[in-house]
Amino acid sequence: MIQVGLRVDVDTLRGTRIGVPNLLQLFEERGIAASFFFSVGPDNMGRHLWRLLRPTFLFKMLRTRAASLYGWEILLRGLFWPGPDIGRRCAELIRSASQAGHEIGLHAWDHQRWQSKVAGMTQHDLQQEMELGHQRLCELIGREPDCAAAPGWRMTNSALELRERFPYRYGSDCRGTGIFRPVIGNRTLTQPQIPSTLPTYDEMVGPKCSPADYYQAVLERVKPDVLNVLTVHAEVEGIVARDLFAQFLQQASQRDLHFVPLGRLLGNEPATDTAEVIRQSIPGRDGWLAVQNSQEQAK
Ligand SMILES: [Zn+2]
């Protein structure tokens, strides 16, 4: 039996409203518990893109780098009124994910703002985004969230330091290979990181990789005796790739893969590995991501 941490990122109102109930149903049918990371403030991200563009077109656009050619700012301009408040509109759905026994984490207050601006945000702004999201998610689920995962794996050292003030068991803010505690200067943080280890759908699917190929590739990349963490998106696996994802879960169980919430991968003892979190680019994704610096890993 191989354990695979299963993380669901929810970025948009549409993903919350349609993708989340689809995934909750799928997980219930298969007896799977996962970690859901919710965006709980304004949706300034998906509304127009997802409504105007067919998802296949969106992915093609991402692959052909139209986003970097024109810039997200321009693609997203035209939002002349504030985006809808996801937490208020989908309170019941978010609560139901918690009541179904899934781990619940904070993804974002404003996903689009964090993803595009985090590197230049002041401590005050960072703290405000985190506080707003934390308070709202507490109200929604009637308890403190278990964990947090920064939008787009965009995490800075300043934000990691602020994160220590929140009562989370862990953060899942970077790509990497093993559970570790971040090192900043000569300080080691207490909250462990559980990195994503496997590529996402939108990073691989394109002219040379069909959606079916992608899920096959994921099955082949899962290995025994290492950390395996798969991130899926409510907007993708809960909507456009729903049937393929259901098939993937079926095939995974035939291979004796067992999906668990990320927190289940933490040992009883605090993580002993430490590493710096650095910025890197990875294939299929524009811009930088936070990555576990494996050179720095020490026992
Ligand atoms: Zn996200």
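View 1. The model is predicted: local features need pLDDT of at least 70, side-chain atom pairs count only at pLDDT 80 or more, and totals for chains, interfaces and linings use all residues. Residues are numbered from 1 along each chain as its sequence is written, and side-chain values use heavy atoms, with hydrogens and water left out. β9 covers residues 257-260 and is parallel to β1, with four bridges between them. Strands (E, at least two residues) and helices (H or I, at least four) are DSSP runs numbered from the N terminus; two strands pair if DSSP finds at least two bridges between them.

**View 2. Strand β1 also pairs with β8 and with β2.** Five bridges link β1 to β8 (residues 229-233) in the parallel sense, and Asp9 lies opposite His233 of β8. With β2 (residues 35-39), the pairing is again parallel, over four bridges; here Val10 faces Phe38.

**View 3. β1, helix α1 and β2 form a right-handed β-α-β unit.** The helix spans residues 13-30. Right-handed means that, with the strands pointing away from the viewer, the path from the first strand over the helix to the second runs clockwise. Of the nine residues in β1 (residues 2-10), eight are buried; buried means under 20% relative accessible area, exposed over 50%, and partly exposed in between (1.4 Å probe, protein chains only).

**View 4. Cys174 and Cys209 are both buried.** The relative accessible area is 1% for Cys174 and 11% for Cys209. The structure contains zero disulfides, a disulfide being a pair of cysteine sulfur atoms within 2.5 Å.
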